[in-house]
2 protein chains.
Amino acid sequence: MFSTPIFLVYLFINLLTQCDSRHLNKHLDIDAVQREVRSYSDVANQIIDFSLNGNGKGQSYNRLANFTDKFGNRIAGSQNLENAIDYMLVEMSKDKLENVHGEVAQVPHWVRGDESAVLLLPRKKNLPMLGLGSSIATPPDGIEADVLVVKTFDELNEKASEAKGKIVVFNQDWVSYGVSVAYRSLGASRAAQNGAVASLIRSVTPLSISSPHTGWQDYQSGVPKIPTACITVEDAEMMWRMSQRGEKIRIRLKMEAQLLPSVNSRNTVAEIKGSKYPDEVVLVSGHLDSWDVGQGAMDDGGGAFISWQALSIIRQLNLRPKRTMRAVLWTAEEEGLVGSREYYEAHKSEADKFDLVLESDEGVFTPDGLTFGGSKQAGQIMKQVLELLKPINASKLSESGAGGDIGYFMDVGVPGGNLLNENQHYFYFHHTNGDTMTVQDPHVMDMCSAVWAVIAYTVADLEEMLPRNSTTLKFVPVG
Amino acid sequence: MFSTPIFLVYLFINLLTQCDSRHLNKHLDIDAVQREVRSYSDVANQIIDFSLNGNGKGQSYNRLANFTDKFGNRIAGSQNLENAIDYMLVEMSKDKLENVHGEVAQVPHWVRGDESAVLLLPRKKNLPMLGLGSSIATPPDGIEADVLVVKTFDELNEKASEAKGKIVVFNQDWVSYGVSVAYRSLGASRAAQNGAVASLIRSVTPLSISSPHTGWQDYQSGVPKIPTACITVEDAEMMWRMSQRGEKIRIRLKMEAQLLPSVNSRNTVAEIKGSKYPDEVVLVSGHLDSWDVGQGAMDDGGGAFISWQALSIIRQLNLRPKRTMRAVLWTAEEEGLVGSREYYEAHKSEADKFDLVLESDEGVFTPDGLTFGGSKQAGQIMKQVLELLKPINASKLSESGAGGDIGYFMDVGVPGGNLLNENQHYFYFHHTNGDTMTVQDPHVMDMCSAVWAVIAYTVADLEEMLPRNSTTLKFVPVG
């Protein structure tokens, strides 16, 4: 999961207000909705049983294990990601999904190269680190400089005169990902504004076992670019203590990172064509790219593979909804929702035909239900749909806002939702070498797949599309 | 904390039955004991208040942070450990403790050197690893071999014919440290018995963020020595899946590890001399050495520093118990309770004068009380002593057995106890680079210090020594 609040600002200006008669606000006969949705109880139970006890049991976990064990991590721009996409196109075709294809998207190609950070004073210590995505390199011999440690941007501003020529270490508190990630995203430019020569950011996580967490960062225009990396919580706290004691801290940082020319990648698409309204679409999604550390099993192999599985279950059960179910496995999410933006640009003229867009990119832990964004009436219908998931205790509808790769479509009024799951430990592993199959659980993935399949199939088969507001919804960034 | 069940076997043969009149089993007047112990309520509350709210507040945490930030990790045999011991002797003298000195102990000197493991087939992947203590090196060019993955020793025996010439990977389940550590301790020799050329052990932990956990291992006599290291839970599970699919797995392992000649280290000792029975001793302890990864803040900086702090609090409060309070900070615990064995050998003739031996080596998380081993009557007295800790909710006495570095004395009948604390996450960080001050909490360390000081002071000041059984206690290994 990528999240850079600054980037999202531009989304707010992207508004579209037209909507056709198929999802106009009409008076909602909630009793009729309830009756219609309840008629899907049997098929929902069939899906759940197939996934938890039938031929679907363990399928999404095993498919994901095969995939990650074969390819490992898959950063945008890499040949390995393209090989992984080729594999998925073959596998989804073998799974007898329809219209399986890739859609080209131009993506950044950042390469980490060798990198290291060493504490030289007050004593020598290796500092485990990971360069941040889009960072420039240091000179070949590295940068050796004294260190200024701060906890906040405000403290940096107060100590601006001390930052010049230094490596700024940010030891920000963990508040939440949404709050604390600002230091990863903006730390380099804020430090550079004050004359720093590099910045090292405390990893954005509530728990660390000496584990650096990488992620994208955003150089601000008009500010010199300086090399930037994340370090461990432990080392950031240690240097904070050293600095509080008045000890002189000195670091040597070496990074070979390069932002190479953009390359073509692909969003990976598969469908089950609708029987009655084939041009209307319920979209399920996750992203296939990952960071270049770990195995990309959690972020976002899990989300991508339950999206495949949602269609796979429906196909294996010989079901076919009225509307088309489409799985899209995004590329280059980690570089700033790049693949999904290209997809939106190519398909925005069809936005009226998108009934519901779903995305799972915050873990596939025990599912609770759905975080939903859409019109009030759509929410009332979705609440009924979620009731179908009571047998697996995943019927919660949270209307706290949804977003991510589906945000582009939501921003123009398409109802959207993210998988709501018990992801309290998500950020332990996020963007680290610990993002592996060990985080995943077969039974839990079966449950998440069932949630995805029940919601997507039911909404795709209802007679009416979900009603929209005439004004568009505000896009709410997640996570 | 070190634990090798095999090693402990020899302890059972070390029995001593004599005891002098000062701790003979007499009829225990529990009401009298209760009255005597209750008379310490005021002083216990004074200790607690001093530690939590007075000048003691934050002291043990700050002292430990200064120490670990200055020295980092401190493996037995290293000059850094000896420098750290010198520092402690100076600091404890400056703290006005008495009879501050080192007692020489000969310790192993194992040096890790450069090391790496790379998965070559079915695909190339770096395998984070840590050589296990006492492991031999590989040849300079490393060992490249096919892999046999097993989950249990039984499975290895069944597949004995497949092990020859291979690197055996153990992917044992996490059951508990006490159970699962057998694979770390004995995996190399079991693999070698079947003709393996090296062994890689899944790290012994319930949670991993791609974090290898080192530790001592025991070559069995009469079995060829082969290089052995721990790998991550994630990679062990991945290779297990690969092997279940019938994929050919190949690894290149390089290790430069050397066991150099033994060197002299020191157990670090400080006292508050008893006013009435100065030759009788209540001993508090933890170990000062650590593994050569992380910072040794948890294992066992915390235990060592609350032991110092227990005496420091008593000295700062100008208290002086009847018996001597002695802090011993063991050396070379991690290589198999080496420092404490040497200490026992030097002091076993005084065992009758040891009233109570305490050790903290399983974390200094929120304290619950004490795990105690001793006679029934001693337990009854200790139960009363623990009542003094009700104000901080740490009055639990668990009689499930105690041990560790104090096991040598317990084995000859000296009552002993380990700090009972909420250490559910201890093994997340144990023997990893994540063993740092980040695991510690100042307030919690103040509470643990208060527990240690209240128990040690009270027992040291009671008129009678704790009663012993006429037969000695069975030594129960911990953790």
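## Close-up views of a predicted two-chain model

Of the 479 residues in chain A, 66% are buried. The model shown in these figures is predicted.

**Figure 1. Overall form of chain A.** The fold of chain A comprises 15 helices and 16 strands. Along the principal axes, the C-alpha atoms of this chain occupy a box of roughly 70 × 45 × 40 Å. The radius of gyration of chain A is 23 Å, which agrees with the value near 23 Å that a compact globule of 479 residues would have. Among contacts in chain A with a separation of 6 or more, 84% are made by residues 24 or more positions apart.

Figure 2. Helix α11 of chain A spans residues 338-347. Its buried residues are V338(A), G339(A), S340(A), Y343(A), Y344(A) and H347(A). The cover over these buried residues includes strands β1 (98-111), β10 (258-272), β11 (277-287), β12 (323-330) and β13 (354-359) of chain A. Helix α13 (407-410) of chain A is also included in that cover.

Figure 3. A236(A) belongs to helix α9, which runs over residues 233-244 of chain A. The residue has a relative accessibility of 0% and therefore counts as buried. Apart from neighbours within four places in sequence, A236(A) is in contact with F170(A), N171(A), R202(A) and I231(A). As a reference for scale, G373(A) is 137 residues from A236(A) in sequence, and their C-alpha atoms are 38 Å apart in space.

**Figure 4. The salt bridge between D95(A) and R315(A).** Side chains of opposite charge can pair when their charged atoms come close. Over all chains, the structure holds 58 salt bridges. In one of them, D95(A) pairs with R315(A), with 3.0 Å between the closest N and O atoms. This pair links distant parts of the chain, its two residues being 220 residues apart. D95(A) is in the loop between α5 (79-94) and β1 of chain A, while R315(A) is in helix α10 (residues 297-316) of chain A. D95(A) has a relative accessible area of 5% and is therefore buried. R315(A), at 23% relative accessibility, counts as partly exposed.

**Figure 5. The salt bridge between K248(A) and D146(A).** The closest N and O atoms of K248(A) and D146(A) are 2.8 Å apart in this salt bridge. With a relative accessibility of 48%, K248(A) counts as partly exposed.

Figure 6. In chain B, a salt bridge joins the side chains of E247(B) and R245(B), at 3.6 Å from N to O. E247(B) has a relative accessible area of 33% and is partly exposed. R245(B) also counts as partly exposed, at 31% relative accessibility. In chain A, salt bridges that share partners connect E144(A), D146(A), K248(A), R250(A) and R252(A) in one network.

**Figure 7. The contact between chain B and chain A.** Chain B contributes 31 residues to the contact, and chain A contributes 31 residues. About 2,300 Å² of area is buried between the two chains, and carbon and sulfur atoms give 54% of this area. D69(B), R123(B) and I209(B) account for 29% of the area that chain B buries against chain A, more than any other three residues.

**Figure 8. Polar and charged pairs across the interface.** Four salt bridges are found across the interface of chain B and chain A. One salt bridge is formed by D69(A) and R245(B), whose closest N and O atoms are 2.8 Å apart. Between the two chains, 16 residue pairs are in polar contact. On the side of chain B that touches chain A, at least two residues come from each of α4 (59-71), α9 (233-244) and α14 (426-429) of chain B. Helix α4(B) gives the most to this side, with seven residues. By class, this side of chain B has 11 nonpolar, 12 polar and eight charged residues.

Technical notes. Residues are numbered from 1 along each chain as its sequence is written. Chains are lettered from A and ligands numbered from 1 in the order in which they are written. This is a predicted model: local features need pLDDT of at least 70, side-chain atom pairs count only at pLDDT 80 or more; totals for chains, interfaces and linings use all residues. Side-chain values use heavy atoms; hydrogens and water are left out. Contact means heavy atoms within 4.5 Å. Buried area is the accessible area (1.4 Å probe) that two parts lose on being put together, summed over both. A polar contact is a pair of N or O atoms within 3.5 Å; within protein, one must be able to donate a hydrogen and the other to accept it, and residues adjacent in sequence count only if both atoms are side-chain atoms. Helices (H or I, at least four residues) and strands (E, at least two) are DSSP runs, numbered from the N terminus. Ala, Val, Leu, Ile, Met, Phe, Trp, Tyr, Cys and Pro count as nonpolar, Asp, Glu, Lys and Arg as charged, and the others, Gly among them, as polar. The radius of gyration is taken over C-alpha atoms; the globule rule is 2.2 Å times the number of residues to the power 0.38. Buried means under 20% relative accessible area, exposed over 50%, partly exposed in between (1.4 Å probe, protein chains only).
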